[in-house]
Amino acid sequence: MLIKIFGSAVFGVEATTITVEVNIDKGIGYHLVGLPDNAIKESSYRIAAALQNNGYKLPGKKITINMAPADLRKEGSAYDLTLALGILAASSQIKGDHISEYLIMGELSLDGGLQPIKGALPIAIKAREEGFKGFILPKQNAKEAAIVDSLKVYGIENIKEVIDFFDDKGTLEQTIVDTREEFYAALENPEFDFADVKGQESIKRCMEIAAAGGHNIILVGPPGSGKTMLSKRLPSILPPMSLQEALETTKIHSVVGRIKENVGLMAQRPFRSPHHTISNVALVGGGSYPQPGEISLSHNGVLFLDELPEFKREVLEVMRQPLEDREVTISRAKFTVTYPSSFMLVASMNPSPGGYFNDPQAPVTSSPAEMQRYLSKISGPLLDRIDIHIEVTPVPFDKLSEDRSGESSIEIRKRVIAARDIQTKRFSELSNIHYNAQMGVKQIRQFCELDSASKELLKTAMERLNLSARAYDRILKVSRTIADLEGREEVTGDHISEAIQYRSLDRDGWLG
């Protein structure tokens with residue numbers, strides 16, 4: 001008897017429906033075809049034990065299973081439940097009348113229990129697109145899949161529940177999630193708050209500008225000056241994610257199995273902080289069977305690279321294209337996958353190997369030559385993609401010991417949201433530009449017009465401070481954001497002069 005049952009495979013961040021055909025005929029043998037990997041080939045042992053422990057058995061006949069399309073590589077243990085139910089239906093141990101109306105996925109334990117799977121959200125989206133009546137999956141992933149409306153999602157704990165469901169001996173409880181209510185309830189609870197930061201008012205101002213315009217930023221300063229503390233609080237002042245952004249972000253994290261158990265939609269912007277020993281593939285994504293890397297996991301959020309010069313140079317260089325295009329394309333001989341990677345880069349670094357400025361009072365000092373050698377580990381093209389460079393100095397004792405708390409993230413966020421609203425209206429007719437950091441040369445010329453006095457100020461600054469040519473457009477972009485924070489239509493000399501301060505690493509002779 002032949003039975004068709006449906007599962008799904010995830011490639012990139014999109015799912016593809018897999019038709020599992022189970023045929024049982026005279027003879028003996030178990031044949032699994034359709035490019036399964038080792039985890040799927042081993043499923044026969046898990047299925048046999050799970051069925052036996054629940055009062056069923058693998059039929060002693062010739063079992064042929066085809067996973068179509070047969071030329072597409074399938075991987076992972078999430079097909080266990082699909083295969084087991086297909087075998088039971090094909091051997092008439094359960095009714096198979098309605099089994100093809102559902103998309104079924106899950107990894108089996110030997111007692112018939114279900115283990116969580118990866119990619120539940122993109123699979124649920126695909127199931128709705130293709131008109132399946134419902135999606136049956138492990139209970140741990142049910143909330144994640146249930147954020148897709150117009151699709152019945154059933155979370156189960158044991159294979160016996162599904163068997164009874166198809167045999168009309170029991171019912172399955174549908175998982176229902178109010179996506180919007182859950183999403184908006186989680187928006188106003190930042191884990192870290194700028195109110196905890198003592199002093200550093202100028203750096204907070206830089207962070208506010210970076211958040212308002214989506215600018216990449218690098219903090220340069222000695223150990224203990226607060227670089228990491230400030231960076232971790234940046235997501236708390238970014239505008240809340242839209243529902244569409246939250247779905248995109250959740251989808252990527254779902255593919256790699258990073259969604260916490262019994263959690264639906266991700267409402268907080270991601271903050272990723274990989275260690276400096278990370279490889280190219282782990283940062284950008286890839287592998288034999290491509291998976292998203294850290295830059296895609298930080299999509300719609302912040303990628304924080306602490307101690308930037310300690311990263312391998314080739315690892316930093318592979319970020320140049322994603323920073324420009326805001327997506328990563330990984331090509332293999334038989335297929336190509338594209339992962340979104342629209343993130344804010346926040347980097348921090350010490351100014352020298354010892355960590356301190358060229359200060360005779362510092363515990364460890366470095367010569368200007370050592371400091372220059374250390375900074376040269378960061379290439380010009382990468383530095384070119386970072387709009388704001390700022391020096392961070394240690395907080396004096398009198399500021400640290402103050403009882404008064406600083407301005408809260410919620411207050412700063414209000415100003416950031418107001419500035420972003422201005423930018424949204426400005427770029428409403430441009431599909432690929434949403435905030436100032438994404439502007440190209442054409443938009444800079446259009447929206448950052450300067451009067452003659454401002455042009456003269458910028459010219460003088462570039463000549464006296466020996467600013468590089470690459471700094472010109474960056475200064476204009478940051479000036480536009482400063483003007484937006486003030487609600488000003490035109491960019492003035494005040495905005496230009498403040499933006500010039502934020503190009504420390506471009507100044508010739510910055511290290512003395």
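**View 1. C206 and C448, two cysteines too far apart to bond.** The closest cysteine sulfur to that of C206 belongs to C448, and the 18 Å between them is too far for a bond. A disulfide would need the two sulfur atoms within 2.5 Å. C448 is likewise in no disulfide, with the sulfur of C206 as its nearest cysteine sulfur. The model shown here and in the other views is predicted. Searching the whole structure gives 0 disulfides. C206 is buried, at 0% relative accessibility. C448 is buried as well, with a relative accessible area of 4%.

**View 2. The buried residues of helix α15.** Helix α15 spans residues 368-375. Its buried residues include M371, Y374 and L375. Where do they sit around the axis? They lie on the same side of α15, because they cover an arc of only 95°. Part of the cover over the buried residues of α15 comes from β17 (344-349).

**View 3. The D149–R128 salt bridge.** Side chains of opposite charge can pair when their charged atoms come close. Here D149 and R128 form a salt bridge, with an N to O distance of 2.6 Å. The pair links distant parts of the chain, 21 residues apart. D149 is in the loop between α5 (142-146) and β9 (152-156), while R128 is in helix α4 (residues 120-129). Both ends are partly exposed: D149 has a relative accessible area of 46%, and R128 is at 36% relative accessibility.

**View 4. The R269–E245 salt bridge.** The closest N and O atoms of R269 and E245 are 3.4 Å apart. R269 lies in the loop between α10 (243-255) and β11 (271-272), and E245 in helix α10, so the bridge ties together parts 24 residues apart in sequence. E245 counts as partly exposed, at 24%.

**View 5. The R385–E324 salt bridge.** R385 and E324 pair with their closest N and O atoms 3.1 Å apart. R385 sits in the loop between α16 (380-384) and β18 (388-391). E324 belongs to helix α14 (residues 320-325). The pair therefore ties together parts that are 61 residues apart in sequence. R385 is buried, at 18% relative accessibility.

View 6. A search of the whole structure finds 26 salt bridges.

How values were computed: Residues numbered from 1 in each chain as written. Predicted model: local features only at pLDDT ≥ 70, side-chain atom pairs only at ≥ 80, totals over all residues. Heavy atoms only, no water. Buried < 20%, exposed > 50% of the residue type's maximum accessible area, 1.4 Å probe, protein only. Helix = DSSP H or I, 4+ residues; strand = E, 2+ residues; numbered from the N terminus. Arc of directions from axis to C-beta. Contact = heavy atoms within 4.5 Å. Salt bridge = Lys/Arg side-chain N within 4 Å of Asp/Glu carboxyl O.
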